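Please read the points below alongside the coordinates. They cover the chain pair, the DNA strands and the sheets.

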Protein chains: 2
Amino acid sequence: MNSLAALSPVEQQKSASQRVGDQLRDLIASGNLRAGERIPSENELARALQVSRPVVREALRGLSMLGLVESRQGGGCFVTDLTADRLLQPLSFFLQLHDHSLEELFRARALIDRGLAEDAARNASREQIEQFKTMVGLGFDLVDDPVGFRVMDAKFHALISEAADNSFLTSVSQSLYSLAMDSRRRASEMKGVLQQSARDHEAIMAAISKRDVEAAGEAMNKHVEHIRQTTLMAEQLASQSETSYAS
Amino acid sequence: MNSLAALSPVEQQKSASQRVGDQLRDLIASGNLRAGERIPSENELARALQVSRPVVREALRGLSMLGLVESRQGGGCFVTDLTADRLLQPLSFFLQLHDHSLEELFRARALIDRGLAEDAARNASREQIEQFKTMVGLGFDLVDDPVGFRVMDAKFHALISEAADNSFLTSVSQSLYSLAMDSRRRASEMKGVLQQSARDHEAIMAAISKRDVEAAGEAMNKHVEHIRQTTLMAEQLASQSETSYAS
DNA sequence: AACCTCCAACTTGTAAGGCAAGTTGTCAAG
DNA sequence: CTTGACAACTTGCCTTACAAGTTGGAGGTT
């Protein structure tokens, strides 16, 4: 019998600033510190927590990088609005790092948007379906106006999220959407791309208005697949011209 | 014409520690600092960047909270392994904060796990399918051992994630999984629940081994639906006994 | 009395120095 | 060759100090 198995790892107590940061984070999570609220000054916190000001500062800086708080010189430190895109910003670094996972992200978006479209087909109100119809009509008018189309496209996806009524999935979907936006911008300049998107939107709208859950999911799946293909194509073209420029 | 329109917002220069943090983060993102690599000491960085040591410390602390670096007292500061679950840890706070209704989270998990099961059916290797089979067999032996079954269950879902080979979705799925774990613990004590889960696992495994993508997704969907029902039921029972105790 | 100006107090940003605690590599003794 | 202790280095934490920005109120003006 190995006596090593009986040994518990040495309790590595976290650093003081880590503990302070955790406490403040829990205060925010539990609602004791609400969005926009002012946080006691660094000196007050230091006195209250029996630590030095640098410790408090490091903790606040950490929370600031996580998007939980925001400090204004001379003004004090405040809890941010705690919106989804702010809190999910570290996510974009993760994507930047593992950039080989573009395929993964498109797959994720396909899954999630398919689900959102299904739920939209289940829950959409009369007014929302009317909005879908006007948007689809508008889309066909904007196939030669990339900027205008992208604005409409964002609203279209937002409306689906709204109809699906799932704030968590909406947050994730929007993060994925905005992450691919730079690449998408290039792709939307290409010929025929927006035409295809307009047709896709029409198919999605038709399925939702008919309350056909499965068809809505399937149409959205195809839409994301089209976006994936054209976006990757645009990326390839961009990197090719880049290398030819470098050589 | 409004002359205000010509004014650009005051260039609010970020704080020094923020800039230092951004620089280090970019070094990591660009691969100049690789996973596990040692970061120059705080004093060296301070000299190199022409700032004071507290500034460097705050930057490193921020990156540490983001899960990018890890400092050991006396040992130095190192880039972490940069695994997905470490980098996506802020996500669990986000889930905790916006207490999205349990319904939303279950719906999200249903969507994502359905997709993972579909991809697992597409990609699973021979060895992984063998592992699935042994796990399913083990599951039926553990229907009277809630603790053992939960361990197996976690491995089962982890294996699906592994087979699906999508680190992003895996992280989200695991976050959702562990988030509902406390509630799940209660539910798994109930009669028949684990029996149903074992049968669900069998159906999922069968679909995957047959490479039936759609059936795998459908089986997983039903599985999550069963989990949802029994978990919510257990929650209700718990809250009922709680109120009766309080009165 | 209402309003404006200015300043003092407060808050965050940054710098510098110092000591404690932990790790690591080296070097000498066994 | 192994082992032990020591020295150098590194992070953790504290203190003090000043710069830069914000805020609110005192005091004078209208």
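By what turn and what shift along the axis can chain A be laid on chain B? A turn of 178 degrees and a shift of 0.1 Å along the axis do it, with an RMSD of 1.5 Å. The points below start from that relation.

1. Conventions. This is a predicted model, in which local features need pLDDT of at least 70, side-chain atom pairs count only at pLDDT 80 or more, and totals for chains, interfaces and linings use all residues. Residues are numbered from 1 along each chain as its sequence is written, while chains are lettered from A and ligands numbered from 1 in the order in which they are written.

2. Symmetry. The turn of 178 degrees with a shift of 0.1 Å is the relation of a two-fold axis. In chain A, A:Gly62 has the C-alpha nearest the axis, 1.6 Å from it. The superposition is by least squares on the C-alpha atoms of residues with pLDDT of at least 70 in both copies.

3. Chain-chain contact. Chain A contributes 34 residues and chain B 35 residues, where two residues are in contact if their C-beta atoms, placed from the backbone, lie within 7 Å. On the side of chain A that touches chain B, the elements giving two or more residues are α1 (16-29), α3 (53-65), α5 (89-97), α6 (102-123) and α9 (167-179) of chain A. Of these, α6(A) gives the most, with seven residues. Helices (H or I, at least four residues) and strands (E, at least two) are DSSP runs, numbered from the N terminus. By class, this side has 19 nonpolar, nine polar and six charged residues. Ala, Val, Leu, Ile, Met, Phe, Trp, Tyr, Cys and Pro count as nonpolar, Asp, Glu, Lys and Arg as charged, and the others, Gly among them, as polar. The same surface serves both copies, since 97% of the contact residues of chain A recur in chain B.

4. DNA strand C. It is surrounded by 20 residues, the closest being A:Ser41, B:Ser15, B:Ala16, B:Ser52 and B:Gly74. A residue is near a strand if its C-beta atom, placed from the backbone, lies within 6 Å of it. Both chains supply elements with two or more residues here: α2 (42-49) and β3 (76-79) from chain A, and α1 (16-29) and α3 (53-65) from chain B. The surface divides into five nonpolar, twelve polar and three charged residues.

5. DNA strand D. The elements giving two or more residues are α1 and α3 of chain A, with α2 (42-49) and β3 (76-79) of chain B. The largest share, three residues, comes from α3(A). By class there are five nonpolar, twelve polar and three charged residues.

6. Sheet of chain A. Three strands form an open sheet in the order β1-β3-β2, with antiparallel pairing. At the edges stand β1 (38-39) and β2 (69-72), each with a single partner strand, so one side of each has no neighbour in the sheet. Two strands pair if DSSP finds at least two bridges between them, and β1(A) and β3(A) have two bridges. A:Ile39 stands opposite A:Cys77 in β3(A). Across β2 and β3 of chain A lies α3(A), running at about 120 degrees to β2(A). Axes are lines fitted to C-alpha atoms, for helices over the stretch in contact, and angles run from 0 to 180 degrees between N-to-C directions.

7. Sheet of chain B. The order is again β1-β3-β2, open and antiparallel, with β1 and β2 of chain B as edge strands that pair on one side only. Two bridges join β1 (residues 38-39) to β3(B), and four join β2 (residues 69-72) to β3(B). B:Phe78 is the bridge partner of B:Arg38 and also stands opposite B:Glu70. The hairpin of β2(B) and β3(B) has three residues between the strands, and B:Gly74 in this hairpin takes a positive phi near 85 degrees. B:Gly74 is also among the closest residues to DNA strand C.

8. A buried serine. A:Ser197 is found in helix α11 (residues 193-209) of chain A. A:Ser197 counts as buried because it has 24 C-beta neighbours inside 10 Å. The cut-offs, for C-beta atoms placed from the backbone, are 20 or more others within 10 Å for buried, 12 or fewer for exposed, and partly exposed in between. A:Phe140 is 57 residues from A:Ser197 in sequence and 9.2 Å from it in space, C-alpha to C-alpha.
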